[in-house]
Amino acid sequence: MPSQEDIPADLSELIRRGSVSSVDLAAGTCTVRYGNPDDEDGGAETPPLRWITMRAGKTRSWSPPSVGEGAIVLAPDGQVAAGVVLVGINQDGFPPPGDSLAELIEYEDGARVGYDPVAHALTAILPDGAIAIIEAPGGLTIRGDVTIEGDVSLQGRMDASEDVVADGVSLKSHPHRDVQAGSAQSGPPVAG
């Protein structure tokens, strides 16, 4: 149990609210400006501190804070230099990206990844010019019907357990016209 001298006289020194003022991506730290900006000193700024992330063990996540993002500094014993930064506070400059039960991550370029438990829909919507890459050396399985709007390029072999139909022509059972006996080639396939 902490002694009386271990508890700061001013409990506001333990938790300070402010906004991210700089981010060092290489170091994984940020600074936070807190206090009253109208004060003579314009408030105060923390030294570089680590921010709290979703996971930081064998499973790790990376989502750096943005300059201007609302933050809380948790300062053990009131020592700001030993503190950590908790980010993720909605504010006017960074309002919530949704207003329903659907969970959503929205990125600076407009990309949105979300899941709507009411509609049972997983979405990944990317801005113009963006690409998506899935690498699965062990294979990729998709169960269910697939619709592709756009061209498809395939490097490697394609196996189909059923028929393949292109523009109404069955690969498996299409008839040919202009068939002749002997070594002559038949005409093109006829749509079924």
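Which residues lie nearest the centre of the largest pocket? Ser 63, Ser 66, Glu 69, Ile 105 and Glu 106 do, among the 27 residues that line this pocket. The model is predicted, so that local features need pLDDT of at least 70 and side-chain atom pairs count only at pLDDT 80 or more, while totals for chains, interfaces and linings use all residues. Residues are numbered from 1 along each chain as its sequence is written, and side-chain values use heavy atoms, with hydrogens and water left out.

A pocket here is an open set of points on a 1 Å grid over the protein atoms alone, where a 1.4 Å probe fits and protein lies on both sides within 12 Å along at least five of seven lines; its lining residues have an atom within 4 Å of a point. The largest pocket holds about 1,200 Å³ of space, and its lining divides into 16 nonpolar, eight polar and three charged residues (Ala, Val, Leu, Ile, Met, Phe, Trp, Tyr, Cys and Pro count as nonpolar, Asp, Glu, Lys and Arg as charged, and the others, Gly among them, as polar). Strand β6 gives the most to this lining, with four residues.

Strands are DSSP runs of E with at least two residues, numbered from the N terminus, and two of them pair if DSSP finds at least two bridges between them. Strand β6 (residues 84-89) runs antiparallel to β5, joined to β5 by five bridges, and Val 73 has Val 85 in β6 as its bridge partner. Strand β5 (residues 70-74) also pairs with β1 (residues 15-24) in the antiparallel sense over five bridges, where Leu 74 is the partner of Ile 15.

Definitions and conventions. Grid points are joined across faces, edges and corners, and a volume is the space filled by probe spheres set on the points.
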